[in-house]
Amino acid sequence: MTETLDPEDRKLITLARATRARNAVAEGAAVRDETGRTYVAGTVALDSLRLSALRTAVAMAVASGARSLEAAVVVSEAAAASDEDRAAVRDLGGADTRVLLAGPDGTVRAVTAAG
């Protein structure tokens, strides 16, 4: 992807990659709220609870009082952000919130709207 990334979006990718690597999970994700605060999460894979990294990051933002999202990043081997992940971002950030999908090496594969 040749699109030039905003430094704040690049930061989200770095945070998501670090979480994925540190926790040895399938995905890492990061979101930025309307005040610039970031929330980072990895995949949750318990016997009783399964959440993608992005849905977990959105839940952390909501639990911390975020009222909206500016951007969301998921670092994954997946070919696309799931519909469920985009729906969680849309619920908090709105249909136009950007969702970036990056590979484990940090290369952005896709930029879509949550909508």
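Predicted model: local features only at pLDDT ≥ 70, side-chain atom pairs only at ≥ 80, totals over all residues.
Helix 3 covers residues 83-93. D83 and R86 are separated by about one helical turn, because they are three residues apart in helix 3. D83 has a relative accessibility of 56%, so D83 counts as exposed. R86 also reaches residues beyond its own neighbourhood in the sequence: leaving out residues up to four places away, R86 touches A81, V99, T112, A113 and A114. R86 and R98 are 12 residues apart in sequence, and their C-alpha atoms lie 9.3 Å apart in space.

Which residues of helix 3 are buried? They are D85, A87, A88, V89 and L92. The cover over these buried residues includes helix 2 (53-63), strand 5 and strand 6 (98-102). D85 has a relative accessibility of 3%, and the cut-off for buried is under 20%, so D85 counts as buried. Not counting residues up to four places away in sequence, D85 touches S52, L54 and R55. Just after helix 3 comes G94, which takes a positive phi of about 100°.

Two packed helices are described by the angle between their axes and the distance between the axes. For helix 2 and helix 3 the angle is about 20°, and the axes are 9 Å apart. Angles under 35 degrees count as roughly parallel, so helix 2 and helix 3 are roughly parallel to each other. The crossing in which helix 2 passes helix 3 is left-handed. On the side of helix 2, the contact is made by L54, R55, V58, A61 and V62, and on the side of helix 3 by E84, D85, A88, V89 and L92. Sorted by kind, the residues of this contact are seven nonpolar, three charged and no polar.

How many salt bridges does the count come to? The count comes to seven. One of them joins R32 and D9, whose closest N and O atoms are 3.1 Å apart. R32 lies in strand 1 (residues 28-33) and D9 in helix 1 (residues 7-23), so this pair ties together parts that are 23 residues apart in sequence. Both R32 and D9 are buried. The two also belong to a network of salt bridges that links D9, R32, E70 and R98.

Another salt bridge is formed by the side chains of E77 and R20, at 3.9 Å from N to O. E77 sits in the loop between strand 5 (69-75) and helix 3, while R20 is in helix 1; the pair links distant parts of the chain, 57 residues apart. Are E77 and R20 buried or exposed? E77 has 58% relative accessibility and therefore counts as exposed. R20 has 19% relative accessibility, so R20 counts as buried, the cut-off being under 20%.

Note on methods. Residues numbered from 1 in each chain as written. Heavy atoms only, no water. Helix = DSSP H or I, 4+ residues; strand = E, 2+ residues; numbered from the N terminus. Buried < 20%, exposed > 50% of the residue type's maximum accessible area, 1.4 Å probe, protein only. Contact = heavy atoms within 4.5 Å. Salt bridge = Lys/Arg side-chain N within 4 Å of Asp/Glu carboxyl O. Axes fitted to C-alpha atoms, helices over the stretch in contact; angles between N-to-C directions. Parallel < 35°, antiparallel > 145°, perpendicular 65-115°, else oblique. Left-handed = near helix turned anticlockwise from the far one by under 90°. Nonpolar A, V, L, I, M, F, W, Y, C, P; charged D, E, K, R; others polar.
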